[in-house]
Amino acid sequence: MISANDLSPAELAALLHFHADAGVEWLLEEEAIDRFAEFEAMKAARRPAAAQAQQQHPAAGERPLPSQAPPRPNAATRPAPAERAASGPQPAIPDGEAVQQARFVAETARSLVELKTAIEAFSSCNLKHSARSTIFASGDAESGIMVIGSAPSAEDDREGMPFSGKSGQLFDKMLTAIGLNRSAILLTQVIPWRPPGNRAPSAAEMDICRPFIERQIALAEPKAILLLGNFSARFFFGENDTIHGLRGRWKEIAVADCVIPAIASLHPQDLLTAPVNKRLAWNDLLAFQAKLKSLSLLRN
């Protein structure tokens, strides 16, 4: 095993990125764990269960006596159909059907509160089953200001809120620099569930989640939107350029009966990875601030 002390800073950074892409979230536990003792305890716990199983299920060729035969389940002891369904794996739902379900759920929600409850109960997207949290819009829905990120990070998934951890700390500083804070805007993300290993959502997953984010926009009716990150910019602008080609230019997003001006910028995580791009993000923030002032959404 190669010690971390033998790696150059570039090699160590590449290794950490590899672990993050593979879905590793913690490299160390809070306290040291004796894995050998843990393994021995697991083996000791299995012995009684193995002995009991041997008594209940004799080896092949040994027919149990009538008194040893296990009782047949009756109607009183047999699990109910709902219990059997809950205990087994969830059936796969075709993508087209899942999209239709998502549209129906989104369209029937008459408020952000109803939509949040509906998304939390929605189970037809495979991302829901691998995530800890459902990330929904937070902040002031009446502000007229909306910021949309891409998809939850590992920190977001653990904390249950968008833009957590170091990325969230930088995001808060970015807002403060133009006279805002997260409680005074509506903050959300395109995808409500973290993709495993922070991978990019598939086309089917995007189609399933699209009705949810579009309904959030329709219900909130923002006057201006800031998109953060390459994924969210491509998602709404329908272009395949990188964030460097999409950022800094005002475009319009059409959702339901609303047409909303939107500008894209780099995600805070991009700025942590490449701090040299902070000057580009600052220019985008100034453009967003100027638009908010022109719409009387931000005081001079």
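Biologist: Let's start with A218. Which residues does A218 contact, leaving aside its neighbours within four places in sequence?

Modeller: V255 and A256 are the contacts of A218 once those neighbours are set aside. This is a predicted model, by the way.

Biologist: Why is A218 called buried?

Modeller: Buried means under 20% relative accessible area. A218 has 15%, so A218 counts as buried.

Biologist: And D284, what makes that residue count as buried?

Modeller: The cut-off is again under 20%, and D284 has 2% relative accessibility, so D284 is buried too. D284 lies in helix α13, residues 278–294. Beyond its neighbours within four places in sequence, D284 is in contact with R247, G248, I263, A264, S265 and L266.

Biologist: How do you know that the side chains of D284 and R247 make a polar contact?

Modeller: A polar contact needs a pair of N or O atoms within 3.5 Å, with one able to donate a hydrogen and the other to accept it. The side chains of D284 and R247 are joined at 2.7 Å, so the pair is within the limit.

Biologist: Back to α9, please. Why are α4 and α9 called roughly parallel?

Modeller: Helix α4, residues 95–108, packs against α9 at an angle of about 5 degrees, with the axes 9 Å apart. Angles under 35 degrees count as roughly parallel, so α4 is roughly parallel to α9. On the α4 side the contact includes A98, V99 and A102, and on the α9 side I208, P211 and F212 are among the residues. By class, that contact has nine nonpolar, no polar and five charged residues.

Biologist: What makes the pairing of α9 with α10 roughly perpendicular?

Modeller: The angle between α9 and helix α10, residues 230–237, is about 80 degrees, with axes 12 Å apart. Roughly perpendicular covers 65 to 115 degrees, so α9 is roughly perpendicular to α10. M206, R210, I213 and I217 in α9 meet F231, F235 and F236 in α10. The residues of this contact divide into six nonpolar, no polar and one charged.

Biologist: What makes β2 mostly covered?

Modeller: Five of the five residues of β2, which spans 145–149, are buried. I145, V147 and G149 on one side are buried, as are M146 and I148 on the other.

Biologist: How many bridges join β2 to β3, and how many join β2 to β4?

Modeller: Four bridges join β2 to strand β4, residues 224–228, in parallel, with I148 opposite L227. Four bridges also join β2 to strand β3, residues 186–189, in parallel, and there V147 stands opposite L187.

Key:
Residues are numbered from 1 along each chain as its sequence is written. This is a predicted model: local features need pLDDT of at least 70, side-chain atom pairs count only at pLDDT 80 or more; totals for chains, interfaces and linings use all residues. Side-chain values use heavy atoms; hydrogens and water are left out. Helices (H or I, at least four residues) and strands (E, at least two) are DSSP runs, numbered from the N terminus. Buried means under 20% relative accessible area, exposed over 50%, partly exposed in between (1.4 Å probe, protein chains only). Contact means heavy atoms within 4.5 Å. Axes are lines fitted to C-alpha atoms, for helices over the stretch in contact, and angles run from 0 to 180 degrees between N-to-C directions. Angles under 35 degrees count as roughly parallel, over 145 as roughly antiparallel, 65 to 115 as roughly perpendicular and the rest as oblique. Ala, Val, Leu, Ile, Met, Phe, Trp, Tyr, Cys and Pro count as nonpolar, Asp, Glu, Lys and Arg as charged, and the others, Gly among them, as polar. Two strands pair if DSSP finds at least two bridges between them.
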